Amino acid sequence: MAEALSHARQGAARGNRTLEGFRNASLSSVFVLEHGEKVDSDRVKAAIGPNVMASVYYFYDTVHERGIEPPPFLNRIWKPYCELVAGTPPEYRHFRTHELHYTGLHRGEAELIDEQLIRDTCLIGTPMN
């Protein structure tokens, strides 16, 4: 968020403007667990797995476009995810990473989604009584 606002401030300054009155938003997935349900249950993965992977897709493109390192929260799945994408010819990889954007999972992606990745990319928990 801080980095995004920094870019917005820079753009505003180039146009002799400020961020006064500027509003911003962040997209996040929210999921309410059933009593006793595990964060990485099949139901959770079916419901928000595509949302989780949309974050991975975003960073895959960003890493390759900017030549930067992936964020640390992706380290444990980065190599296997890149191996999945490598099965697609380079000129079609961008389409592959966004083909099922927020709607489904490619083969092999569900196995990469674990409790920590869900917690790193979504708001998830049990209802308060």
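**Close-ups of salt bridges and a histidine**

**View 1. D114 and R76 form a salt bridge, with 3.0 Å between the closest N and O atoms.** D114 sits in the loop between α4 (93–99) and α5 (115–121), whereas R76 belongs to helix α3 (residues 75–85), so this pair ties together parts that are 38 residues apart in sequence. The term salt bridge here means a side-chain nitrogen of Lys or Arg within 4 Å of a carboxyl oxygen of Asp or Glu. Helices (H or I, at least four residues) and strands (E, at least two) are DSSP runs, numbered from the N terminus. D114 is partly exposed at 25% relative accessible area, and R76 is partly exposed too, at 40%. For these labels, buried is under 20% relative accessible area, exposed is over 50%, and partly exposed is in between (1.4 Å probe, protein chains only).

A quick note on the model: it is predicted, so to speak of local features takes pLDDT of at least 70 and side-chain atom pairs count only at pLDDT 80 or more, while totals for chains, interfaces and linings use all residues. Residues are numbered from 1 along each chain as its sequence is written, and side-chain values use heavy atoms, with hydrogens and water left out.

**View 2. R96 meets E109 in a salt bridge between side chains (3.3 Å, N to O).** R96 is part of helix α4 and E109 is in the loop between α4 and α5, so the pair ties together parts that are 13 residues apart in sequence. Buried or exposed, what is E109? E109 counts as buried, at 0% relative accessibility. R96 is buried as well, with a relative accessible area of 9%.

**View 3. Salt bridges with shared partners join E34, E37 and R43 into one network.** Within it, the side chains of R43 and E34 pair up at 3.8 Å, N to O. R43 is partly exposed at 35% relative accessibility, and E34 is partly exposed with a relative accessible area of 47%. Searching the whole structure turns up five salt bridges. As a general point, side chains of opposite charge can pair when their charged atoms come close.

**View 4. H64 is found in helix α2 (residues 42–66).** Which residues does H64 touch, not counting those up to four places away in sequence? They are W78 and C82, where a contact means heavy atoms within 4.5 Å. A polar atom of the H64 side chain also lies 2.7 Å from the backbone oxygen of Y60. At 47% relative accessibility, H64 counts as partly exposed.

Conventions
A polar contact is a pair of N or O atoms within 3.5 Å; within protein, one must be able to donate a hydrogen and the other to accept it, and residues adjacent in sequence count only if both atoms are side-chain atoms.
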